[in-house]
Amino acid sequence: MNAVQPNQPPPGTRPAPASPNRTVVNEPGTELSALIDGELDVHELDGWLHALGQEETLRVQCRDYRVISDVLSGGSPSLRSEPPHAFVAGVRARLLAEPVLDAAPTPVAVQVPVRAAAANDAVFRWKMVAGVASLAAVMAVSWGVLGSAPSSSGGVQPGPQLALMPSVGGAPLAGPTQPVDPAATTVLVNTAQGPVLRDVRLEQLLAEHRQYGGMSALQMPAGFLRDATYPAEPQR
Amino acid sequence: MNQTLTASHLSGFAAAPAATLLNRGRWTAALLMALSVWVSQPVLAQSQSGSARSVTEWLTRMHEASRQRAYMGTLVVSSGSAMSSSRIWHVCDGTQQMERVETLTGAPRTTVRRNNEVITFVPESRTALVEKRESLGLFPELLRTPSNQIPEFYGVREGGSERVAGHLADVVEIVPKDALRYGYRIWSEKKTGLVVKMQTLGEQGAVLEQVAFTELQLDAPVRMDKLKQLMNDTKGYELYKPVLRKTTPEAEGWRLKESVPGFLPMSCHTREGQGSSTGAAPMQWVFSDGLASVSLFVEPYDAARHTQEKTAVMGATHSVTRRLGAHWLTAMGEVPSGTLRRFAQALERTR
């Protein structure tokens with residue numbers, strides 16, 4: 001093994017301390033790795049120690065290797081790691097040094113709701129339970145909607161809506177042979193209170209009932225004012 | 001009030017027999033007293049004999065107030081889950097009364113009324129609807145005629161005084177005598193009789209709908225000439241005048257095989273021009289028991305539109321739909337759905 005030349009600093013900025021046993025003596029990483037692993041002899045070590053005393057970059061590199069070695073061996077680093085601000089500054093410096101990969105225009109900011117994965121996300125049986133619950137909810141909603149709204153389309157009229165429910169007295173008349181109405185008067189409207197079924201035709205008749213059906217002794221003192229206050233527009 | 005009525009009843013009917021029975025034994029008298037109280041309560045609820053005014057007198061007083069007083073205020077209407085409000089101006093000169101209602105909820109709309117003439121301005125669409133509403137001129141004349149059958153189906157119960165919109169008001173409860181109609185609780189301003197609040201009551205007194213002034217200025221300086229000016233100023237508005245064609249159920253081929261107690265036929269008409277997009281215009285046959293009204297809308301059955309018989313409700317207004325052969329009936333009114341089903345079962349084709 002060749003003697004280490006103490007005056008010759010290790011690799012990086014100066015020629016690396018030579019070792020005949022090593023095929024890649026010029027690689028500073030290899031020499032440093034050997035140093036950390038305690039594979040250098042006394043002379044080589046002296047040379048490195050001298051170099052470390054003079055080269056800041058070499059010290060930093062050496063510390064990094066030591067931390068890596070400690071982490072790989074499964075223990076906690078015996079050396080104190082870099083202070084956070086130094087680490088962040090380093091990351092920033094490296095980011096600035098990164099080449100710009102794409103010269104495309106600035107991407108449009110899109111707000112995507114981000115949510116952390118649930119704690120039981122990885123548990124398959126919970127996914128099964130969630131799936132069954134979703135299916136049950138969809139069936140429940142569909143049952144209600146199909147029960148009272150065979151089809152939907154048409155415009156939406158402003159004003160109060162009528163809550164629909166199946167007839168108590170009679171069975172539904174609509175059979176499977178009857179055509180599905182493309183111009184039905186029932187519409188599903190989203191309101192602040194949730195989705196509500198509205199029958200536009202029924203609301204027209206309600207307005208007509210209020211206009212011409214208010215045959216009441218209470219009409220003059222209160223009924224007319226009440227009807228005129230409703231947000232629904234009277235029928236033309 | 002109930003307690004007072006019960007005491008007066010006892011003094012008139014139960015107290016005297018109880019006194020004669022005292023010699024026979026205190027327990028017998030006490031038993032009779034308790035029995036008479038128990039019996040008297042439902043009887044009194046029916047007769048309402050202890051009320052200072054009859055139901056007709058109360059209704060007439062409320063009418064007169066709106067015919068003789070000027071006022072302005074803010075009115076709130078609550079029906080089901082919906083709530084809306086409006087600004088009201090009211091003025092009268094003994095022979096005619098005028099009213100202006102400006103909605104504060106939803107699309108802006110102004111309604112101006114002169115007796116039974118009504119014009120509704122919709123500024124957003126620059127349209128105005130001009131109508132004549134017979135129902136507004138019908139009462140209170142009807143209250144004075146023998147055909148007024150309100151006392152037969154409604155009782156009255158006075159419930160003390162409460163303050164509404166800054167005014168002291170008498171609380172009057174109009175109690176139905178059967179399950180075919182709803183009750184009403186009315187707050188009538190103490191001095192004038194003006195209705196300042198009204199609730200429609202369902203079973204067990206549940207409030208189905210209510211209308212109330214939140215702020216009211218009586219004898220306000222409302223000028224009739226200004227309201228007239230507003231009513232006539234239709235410049236820039238497209239006017240619509242719905243044409244009602246008066247008819248009779250007989251002429252249209254309909255009759256009720258059995259009448260619904262208390263409800264008398266009031267009018268029957270069809271609306272011209274309405275049927276262009278929805279088939280023939282429906283016939284509207286209106287019934288009233290004096291306080292509640294029911295409209296029967298009959299139109300040709302359309303399999304595409306009339307897919308399902310159903311009932312609907314909004315506040316105190318119910319509706320029931322039913323297929324009657326080649327026709328489709330929609331019964332609607334401020335009555336329980338059971339009443340509407342009675343109408344639906346009674347309506348039949350005569351040809």
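A residue counts as buried under 20% relative accessible area, as exposed over 50%, and as partly exposed in between. Arg69(B), at 26% relative accessibility, therefore counts as partly exposed. The structure described here is a predicted model. Chain B holds ten helices and 21 strands, and twelve strands of chain B form an open sheet.

**Chain B as a whole**

- Of the 351 residues of chain B, 54% count as buried.
- Among the contacts in chain B between residues at least 6 apart in sequence, 51% join residues at least 24 apart.

**The twelve-stranded sheet of chain B**

- The strands of the open sheet in chain B follow the order S7-S8-S9-S10-S11-S1-S2-S3-S4-S5-S6-S12, and their pairing is mixed.
- Strand S7 (154–164) and strand S12 (238–240) of chain B are the edge strands, each of which pairs on one side only.
- On average, neighbouring strands of this sheet are turned by 20 degrees against each other, direction ignored.
- Helix H7 (residues 224–232) of chain B packs on the sheet, where it touches strand S2 (82–92), strand S3 (97–103), strand S4 (110–114) and S5 of chain B.
- The direction of H7(B) makes about 60 degrees with that of S3(B).

**Strand S5 of chain B and its two partners**

- S5(B) is largely enclosed by the rest of the structure, because five of its six residues are buried.
- With S4(B), S5(B) pairs in the antiparallel sense over five bridges.
- One of the bridges to S5(B) joins Arg113(B) to its partner Val118(B).
- S4(B) and S5(B) form a hairpin with two residues between them, and Asn115(B) in the turn has a positive phi of about 50 degrees.
- Strand S5 (residues 117–122) of chain B also pairs with strand S6 (residues 127–132) of chain B, in the antiparallel sense and over six bridges.
- The bridge partners in S6(B) include Val130(B) for Ile119(B) and Thr127(B) for Val122(B).
- The hairpin of S5(B) and S6(B) has four residues between the strands, and Arg126(B) takes a positive phi near 50 degrees there.

**Salt bridges**

- The count comes to 22 salt bridges over all chains.
- In one of the salt bridges, the side chains of Asp219(B) and Arg69(B) meet at 3.0 Å, N to O.
- Asp219(B) lies in the loop between strand S11 (207–218) and H7 of chain B, while Arg69(B) lies in the loop between helix H3 (55–68) and strand S1 (71–79) of chain B, so the pair ties together parts that are 150 residues apart in sequence.
- The side chains of Lys190(B) and Asp170(B) also meet in a salt bridge, at 2.5 Å from N to O.
- This pair links distant parts of the chain: Lys190(B) is in the loop between strand S9 (183–189) and strand S10 (195–201) of chain B, and Asp170(B) is in strand S8 (residues 167–176) of chain B, 20 residues apart.
- Lys190(B) is partly exposed, with a relative accessible area of 35%, whereas Asp170(B) counts as buried at 14%.
- Asp302(B) and Arg305(B) form a further salt bridge between their side chains, at 3.3 Å from N to O.
- Asp302(B) counts as partly exposed at 27% relative accessibility, while Arg305(B) is buried, with a relative accessible area of 14%.
- Salt bridges that share partners join Arg201(A), Glu299(B), Asp302(B) and Arg305(B) into one network.

**Cysteines**

- The count of disulfides over all chains comes to zero.
- Cys92(B) is buried, with a relative accessible area of 16%.
- Cys268(B) is likewise buried, with a relative accessible area of 7%.

**Helix H6 of chain A**

- Helix H6 (residues 200–212) of chain A has 13 residues and, at 1.5 Å a residue, should span 18 Å.
- The end C-alpha atoms of H6(A) are 18 Å apart, which agrees with that span.
- H6(A) is mostly covered, with 13 of its 13 residues buried.

Methods
Residues are numbered from 1 along each chain as its sequence is written. Chains are lettered from A and ligands numbered from 1 in the order in which they are written. This is a predicted model: local features need pLDDT of at least 70, side-chain atom pairs count only at pLDDT 80 or more; totals for chains, interfaces and linings use all residues. Side-chain values use heavy atoms; hydrogens and water are left out. Two strands pair if DSSP finds at least two bridges between them. Axes are lines fitted to C-alpha atoms, for helices over the stretch in contact, and angles run from 0 to 180 degrees between N-to-C directions. Contact means heavy atoms within 4.5 Å. A disulfide is a pair of cysteine sulfur atoms within 2.5 Å. Buried means under 20% relative accessible area, exposed over 50%, partly exposed in between (1.4 Å probe, protein chains only). A salt bridge is a side-chain nitrogen of Lys or Arg within 4 Å of a carboxyl oxygen of Asp or Glu. The expected span of a helix is 1.5 Å times one less than its number of residues.
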